[in-house]
Amino acid sequence: MPSVLQLVFLFFAAVTVVGALAVVLVRNLFHAALWLAVTFLSVASLFIVLNADFVGLSQVIVYVGAISVLMLFAIMLTEDVVGARGLSLRSAWPAALPVAAGVCVVLVRWFARYAWLPPQPPKPGGTAGTIGLAFIQKYLFAFELASVILLAALIGAIYLAKEERS
Amino acid sequence: MTAPSLQIITWNLWVSAPVCALAASAMVTLIAGAFWPAFARWLTPCLALGGIALTAAFTILAGMLGLPPAGMQVMDSFTVVFDLIILIAAFITVLVSNHYVTRENLERGEYYALMMLSASGAMLMAASDNYVMMFLGLELLSIPLYVLAGFSRGRSESQESALKYLLLGAFASAFFVFGAALVFSATGSTNIVVAGDATERALVGTTPIYVIGLAMILTALAFKVALVPFHMWTPDVYQGAPTSVTAFMAVVAKAAGFGALARVAAAGPEGSWTVLLWGLSAATMIWGNLLAISQNNIKRLLAYSSIAHAGYLLMGILAGGRAGISAVLFYLLAYAAMTFGAFAAVIILAGRGDGAEDIEDYRGIARRSPLLGWTMAIFMFSLAGLPPFAGFFGKLYLFSAAVEAGYPGLTVLAVLTSVMGVFYYLRVTVVMWMQEPEAESGPAAQTSAPLLSRLVLSALAVAVLALGIFSSPVLRWTNSGSAGLERSAEAAIQMTLPEPTNAPAALSGGSR
């Protein structure tokens with residue numbers, strides 16, 4: 001008999017899979033973006049169920065809060081895309097299905113058989129504090145480096161988007 | 001955990017000094033270009049050159065200090081040799097770019113700043129002893145490159161090239177992250193050497209998850225260095241991107257990928273890893289050379305040629321050990337000189353708006369401009385691997401390393417495909433020297449160029465010759481690099497041995 005936590009996990013896992021399938025199968029682009037938000041939310045729930053509260057909340061803030069909304073805005077602001085049809089990947093079905101199914105079967109088989117490392121006990125008080133300290137101490141350089149990457153992306157975005165002055 | 005305030009101080013800043021110096025110089029270049037646009041034409045390239053030279057000084061200095069690994073990076077002699085190759089390449093890119101960006105009205109601070117940021121990412125990739133840091137390096141290398149590929153905003157080919165590179169590059173990055181996550185979950189460490197060592201000593205069950213993770217990381221790196229079958233983007237992106245960016249991409253992005261591959265290979269993965277590399281190398285050499293034969297556009301030809309060269313370079317990674325890695329480093333240096341040379345000539349010949357990029361446009365160019373004819377011939381002979389140029393000795397070292405490591409079959413294949421290469425490289429030379437210029441056939445190739453471009457072209461030709469004739473001192477230098485790589489891998493294993501490894505160290509770093 002699975003525990004309550006396992007049932008919750010299975011529920012969100014199912015929502016994730018259904019949502020991800022809907023993203024690729026729905027023909028309306030706007031609906032696909034909404035389904036993507038659903039997938040992101042249920043992945044965030046999975047993280048929280050697995051005691052990874054920091055990752056789960058970042059998932060909500062970054063993916064649901066920023067990326068999904070950005071995509072919806074981009075779709076709404078682009079002419080002729082809302083309700084556009086024919087963008088689905090139907091023609092790629094015959095090739096994609098066996099490849100995806102094959103990869104799925106292989107990965108599931110290996111994952112099920114593998115002697116995984118034992119999970120660590122959950123940290124009292126959540127993981128955010130530990131991760132935050134690691135970011136500003138041991139992994140300070142990596143953390144700052146991520147800012148440099150974002151800065152490079154920002155410079156590039158501004159260059160590509162700004163009006164040409166002649 | 002000791003007092004938190006001490007943690008920052010114990011982390012050794014010197015290990016990161018070269019990357020920090022280059023990124024800071026990029027910022028200075030960017031700001032200078034924005035504040036004094038009137039002087040941007042000469043100020044930004046000068047600042048970029050100065051920043052690169054400063055970074056080289058920092059690299060040499062940091063290398064002499066003999067630092068322990070810190071902040072998920074290693075400052076060993078491999079890093080020093082590799083960083084200097086990247087910096088030389090970045091330096092040449094600035095010089096080669098100058099004529100191109102002036103002609104095509106692309107002279108902005110952003111151009112040099114993004115290029116330097118990209119180069120710092122390349123340096124990080126080779127300096128990292130940890131998959132997390134390697135990923136950050138990969139992104140720092142790639143994101144500026146996506147923008148640079150689309151830097152000619154007026155040309156739709158440039159935009160197309162940027163979009164293709166971005167979409168496929170993002171896909172490759174996702175592969176890298178997923179692979180790193182699998183490696184971590186299988187071994188309990190993101191440190192490249194520690195993870196490899198943990199599986200070798202069978203401390204953590206069987207290894208298939210580690211192998212799958214490693215294969216995914218290999219896929220991402222194979223995409224970056226354009227190995228068959230992950231090469232599809234290369235011709236389109238190389239053709240569409242501004243030519244000076246293409247040169248940078250062909251040399252620095254490829255070098256960065258091979259630096260990372262060398263680090264991963266030093267962790268000693270065996271079995272299916274060698275089979276994968278063997279297959280990738282063989283497929284890349286055959287397919288790259290085959291497709292290059294039928295190209296008429298010079299940038300596409302050089303793109304396929306760069307794919308073929310990635311196949312040769314992978315042989316060195318496969319051979320591994322001191323000889324193999326040293327040959328890879330030497331070949332990267334030789335490849336940088338001849339590729340930059342070829343692209344510098346292409347930049348001049350194409351003329352304003354990149355009109356003349358077909359090989360047929362080069363008919364009889366050598367008679368109008370002996371300088372272009374001679375230098376292009378030298379670069380093509382060297383790319384083809386004919387003695388006494390750098391390309392010949394580079395191939396010689398790679399092939400002999402592969403034979404010694406027990407891959408005679410692959411070496412025979414490499415020699416045969418090199419012979420195929422001679423055909424299409426010589427064709428360029430034949431068109432330039434032996435065919436009559438046709439009247440009114442398409443846009444005429446240009447031969448006039450500013451003094452700086454002609455100087456750079458001549459200097460690169462001399463470098464290709466010199467690297468060939470004086471190859472042994474250079475090889476000694478690259479040998480010191482490959483020896484450093486081995487020593488760091490051994491040191492990393494030594495550091496982990498006393499610890500009980502069965503408990504996964506969450507967010508395990510390179511330094512403990």
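Author: The structure holds zero disulfides over all chains, a disulfide being a pair of cysteine sulfur atoms within 2.5 Å. A:Cys104 is partly exposed, with a relative accessible area of 45%. B:Cys46 is partly exposed too, and its relative accessible area is 45%. Here buried means under 20% relative accessible area, exposed over 50%, and partly exposed in between (1.4 Å probe, protein chains only).

This is a predicted model, in which local features need pLDDT of at least 70, side-chain atom pairs count only at pLDDT 80 or more, and totals for chains, interfaces and linings use all residues. Residues are numbered from 1 along each chain as its sequence is written, chains are lettered from A and ligands numbered from 1 in the order in which they are written, and side-chain values use heavy atoms, without hydrogens and water.

Now the core. A nonpolar core is a set of buried Ala, Val, Leu, Ile, Met, Phe, Trp, Tyr and Cys residues joined through side-chain atoms within 4.5 Å. The largest one has 194 residues. Those with the most contacts inside it are B:Tyr131, B:Met249, B:Phe258, B:Ile298, B:Ile317 and B:Tyr362. Helix α14 (residues 321-350) of chain B gives the largest share of this core, 22 residues. Helices (H or I, at least four residues) and strands (E, at least two) are DSSP runs, numbered from the N terminus.

Take B:Tyr362. Contact means heavy atoms within 4.5 Å. Leaving aside neighbours within four places in sequence, B:Tyr362 touches B:Ile298, B:Val346, B:Leu349, B:Ala356, B:Val431, B:Met432 and B:Ala445.

Next, B:Ala127. This residue is found in helix α5 (residues 109-127) of chain B. B:Ala127 is buried, with a relative accessible area of 4%. Beyond its neighbours within four places in sequence, B:Ala127 is in contact with B:Met72, B:Gln73, B:Val74, B:Thr79 and B:Arg263. B:Ala127 and B:Val19 are 108 residues apart in sequence, and 9.7 Å apart in space, C-alpha to C-alpha.

Chain A has six helices and zero strands. Its elements run α-α-α-α-α-α from the N terminus on. Of its 166 residues, 26% count as buried. Among contacts in chain A between residues at least 6 apart in sequence, 62% join residues at least 24 apart.
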